[in-house]
Amino acid sequence: MLTLANLATSMPGVLMTIAQFLVVLTIVVFVHEFGHFIVARWCGVTVKTFSIGFGREIFGFTDRKGTRWRFAWIPLGGYVKFVDDENAASQPSPDALDKMTASERAGAFQNKALWQRAAVVAAGPIANFILAIMVYAAVNVSFGVRTITPVVGEVKAGMPAATAGIQSGDVIRSIDDWTVEGFEDVQRLVGINAGRTLKFGVERNGEKLSFDVTPEVHEQPDSFGGTFRRGLIGITPSSTDGFRDAKSVGMFEALRLGVRETYANIAHTIQGIGDIITQRQAADQMGGPILMAQVTARVAEGGIEPLLRWVAFISANIGFLNLLPIPVLDGGHLVYYAIEGVMRRPLSRRMQEIGFQIGIALVLMLMVYVNLNDLLRVWRGWTGVG
């Protein structure tokens, strides 16, 4: 039951959770915006502002090229503003060009070649992908890789694996188009494909076999007051030794695994969005800053290794989400540039303004929805109401 005493007792933990989340988010946002910034500088674009956070400035400084580097009071994102931008969403302002001198126009984003504008916009998400890969690779080198051999141990009678014909001792080599390198791959792919038929590539006594397995749908509570649908097929690994003892890997192998993990994050996010749209998963699983802060605090309890992997996971997903074809996001700008490349001219100013207005409305609606989900989770957690 929620009481003032309970709330007061939990305040130090809440403040620590917020601090941990802001550190993680600031790192990811800084790298994203720095991607835009550095490529803009290379392309000769005049950068007016580099901001971490929105709203009124807390502190900042102006560098020798005139860019204002600032931290603002609302730390849930950031932006790079060019000299000819109308706002922080990088909406172009033709009116600003009319008031500039010839030297100032040379640094205007709108006056750059199409490929340069596209490169500047794409650089933010690409920087996030690079950060994710490098963090995963660094963690793999520093802490080693924990993996469980994908050899089947127990097969539970009556469950999908047994029904399909999978037996103890089988080595799972692939699931659909994914190469299985460890039993954790099996758990992840089965878990996110509840009710969807998967093709298992199995090796049995040197013979390659194929089985169609449909994971059962199990609704399970999560650690934050919600529920999720998880797939189960009824198998266990023959041994878990590989998870207890980390295996050392070289830099090239660590990098390969970093690319693989980053790609898996993005692919599963795409599938998750698709499952919510098709109602295979409940939309109330979506969360905003509060859920991210709660997960960050839980992950941080496990130490630096899982926290760094969480940073990589967040970076990969922020990079992907920014590529969604929604005006005001990087993906929306890239769609405009693709249309410009095909038509040999940019969309009309009016069409771009309508697109930005629709994009802002969509983003605001999504923000309201995920924040309401977060508040409901917190309320259920405090009051015990299910």
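The model is predicted, so local features need pLDDT of at least 70 and side-chain atom pairs pLDDT 80 or more, while totals for chains, interfaces and linings use all residues. Residues are numbered from 1 along each chain as its sequence is written, and side-chain values use heavy atoms, without hydrogens and water.

Stay with H4. This helix has 30 residues and spans 43 Å from first C-alpha to last, close to the 44 Å expected at 1.5 Å a residue (1.5 Å times one less than the number of residues). Gly144 follows H4, with a positive phi near 85°.

Now the whole chain. It holds twelve helices and ten strands; these are DSSP runs, helices being H or I of at least four residues and strands E of at least two, numbered from the N terminus. Of the 386 residues, 41% are buried, meaning under 20% relative accessible area with a 1.4 Å probe, protein chains only.

Next, the interior. A nonpolar core is a set of buried Ala, Val, Leu, Ile, Met, Phe, Trp, Tyr and Cys residues joined through side-chain atoms within 4.5 Å. The largest has 34 residues, and Phe82, Phe109 and Val120 touch the most other members. Elements giving two or more residues to this core include H1 (4–42), E1 (47–62), E2 (68–82) and H4 (114–143). H1 supplies the largest share, eight residues. A second, separate core of 20 residues includes Ile148, Ile172, Leu198 and Ile235.

Conventions
Buried means under 20% relative accessible area, exposed over 50%, partly exposed in between (1.4 Å probe, protein chains only).
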